[in-house]
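The sequence and structure are shown first.

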Amino acid sequence: MIKRYKWPVLAALSAAMIVSSCVTKKYQRPDLNVQTDKLYRDTTINDTTSIATVPVEQLFADTVLQGLIKEGIQNNLDLKTAMQRINEAYATVQQTKAAFFPSLSGNATITRNKQSLAGLNFPPEFANSFILTTTTHQLGLSTSWEADIWGKLSSSKRSALANFFASDAGKRAVQTQLVANIANNYYSLLALDKQLAITEQTLKNRITDVETMKALKESAIVTGAAVVQSEANRYAAEVTIPDLKRSIRETENALSILLARAPGAIKRTSLDEQKPYADMQMGVPSQLLKNRPDVQQAEFAFRSAFENTNVARTYFYPALTITAQGGVSSLKIKNLFDNSIFYNIVGGLTQPIFAKGENRARLRTAKAQQEQAYYAFQQSVLTAGSEVSNALYAYQTAVEKQTSRAKQLEALQKSVDFTKELLRYSSATNYTDVLTSEQSLLAAQLNSVGDKLQQLQAIVNLYRSLGGGWK
């Protein structure tokens, strides 16, 4: 018997597999219509070495910052939420795998029927007195299984698996952004500390200037206008200190949130102690496809949408479902297992004929979502290239400014010293010249801090934009 049906069965299965391959399509990475070798503006690179592979501990020499990053990775709530998305996606994968196996359910029923014997040719005076009562006890199992002829279940599993990998990439994207946010906020704190120290020192100097101007007025070297101007100059510096302290407090609070702490003070070193990472290797642009977690996430999202389109196609074809039911049944519960077995097996082939346009709408929706995912994938690659280009240029300009800024500071300091000396010992200048030179010096000193901050944050942003921080 087995030999008689062996070849027809194999032939039917082979035919079903061939037809199934025509219904669903095999995934291939789409053509992005983007020249990856030109993603970095005005930059041509052939070396595959990239700082994206550098460990966080090596990129950031500040041990305090290293500790904050470790604490953030361990406690950050956004990262914990991303981990739960991975668990959710994994559960969905397990669910789609279970769909390949038959379902099994058990049931136990007791049915009580009452039937009057009136109208069954009994004498009228007796007919209404007879009521037939029966009680049926039934215990059984039922199972159902759908054959994956057209690849619907396989495509659903692949879609769920792509979503799982997308959620994992999403978690890594959250981590890279977290590392960057912690480092950038930390450097902002150091810069604000430095600016506050400069401003407070400037305030002390200007308080001294007020006393000097008062003494010079008594000596008839300057007028009362110079004294008033020096006082106004003193208050101009003093009034900026509360805003700097407010910014420091707000930045500490923002960093505390990243660390999942209650708002509070943040232990830190100083801006002068920071040693910027010097080996700024970027690798070739095509490496973004495997290093950037958000780019990977976008591709997996496209792959999931691709498989959902495959699933939508299968609804146009018949579904083969096999159901079976069996158990025991008896009028008396004590005889339930005595020769009272029943069973049935049903194989059904359901072909959609009229579904109110539901299948066509489902397919159109899936195709539209696939196109959206494709555009999002392409956008993520372009965004990655733009972010790398911006971070690299920000680093280059910050380095370029530092040499000129140092010369500017040296010249302005001499200007302040010279104008003060001229004011004391000659009439060749007035306090307005001193005022202008002092204001210019303070602005240059604060801008110098901004230059150092720009350099440090550009390194952080380049590291993140290349896909560093999750390995």
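Helix α6 is followed by Ala220, whose phi is positive, near 65°. Helices here are DSSP runs of H or I with at least four residues, numbered from the N terminus. The model is predicted: local features need pLDDT of at least 70, side-chain atom pairs count only at pLDDT 80 or more, and totals for chains, interfaces and linings use all residues. Residues are numbered from 1 along each chain as its sequence is written, and side-chain values use heavy atoms, with hydrogens and water left out.

Ala220 is not a glycine, yet has this positive phi. Most residues other than glycine have a negative phi. Ala220 belongs to the loop between α6 and α7 (224-238) and is exposed at a relative accessible area of 65%; exposed means over 50%, buried under 20%, and partly exposed in between, with a 1.4 Å probe and protein chains only. Asp42 also has a positive phi, near 55°. Its place is the loop between α1 (2-23) and α2 (56-59), and Asp42 counts as exposed at 76% relative accessibility.

Helix α6 itself has 67 residues and spans 96 Å from its first C-alpha to its last, close to the 99 Å expected at 1.5 Å a residue; the expected span is 1.5 Å times one less than the number of residues. Within α6 (residues 152-218) lies Ser155, which is buried, with a relative accessible area of 0%. Leaving aside residues up to four places away in sequence, Ser155 touches Thr24, Glu307, Asn310 and Val311, a contact being heavy atoms within 4.5 Å.

The structure holds three cavities of 30 Å³ or more. A cavity is a set of points, on a 1 Å grid over the protein atoms alone, where a 1.4 Å probe fits but cannot get out; lining residues have an atom within 4 Å of a point. Points are joined across faces, edges and corners, and a volume is the space filled by probe spheres set on them.

| Cavity | Volume | Main helix in the lining |
|---|---|---|
| Largest | about 60 Å³ | α6, four residues |

The lining of the largest cavity includes Asp209, Thr212, Met213 and Leu216. Helices α6, α11 (358-425) and α12 (431-465) each supply at least two of its residues. This lining divides into five nonpolar, one polar and four charged residues, where Ala, Val, Leu, Ile, Met, Phe, Trp, Tyr, Cys and Pro count as nonpolar, Asp, Glu, Lys and Arg as charged, and the others, Gly among them, as polar. Around the second largest cavity, eight residues are nonpolar, none polar and one charged.

Conventions: 1 Å grid on protein atoms, 1.4 Å probe; cavity = no way out; pocket = protein on both sides within 12 Å on 5 of 7 lines; lining within 4 Å.
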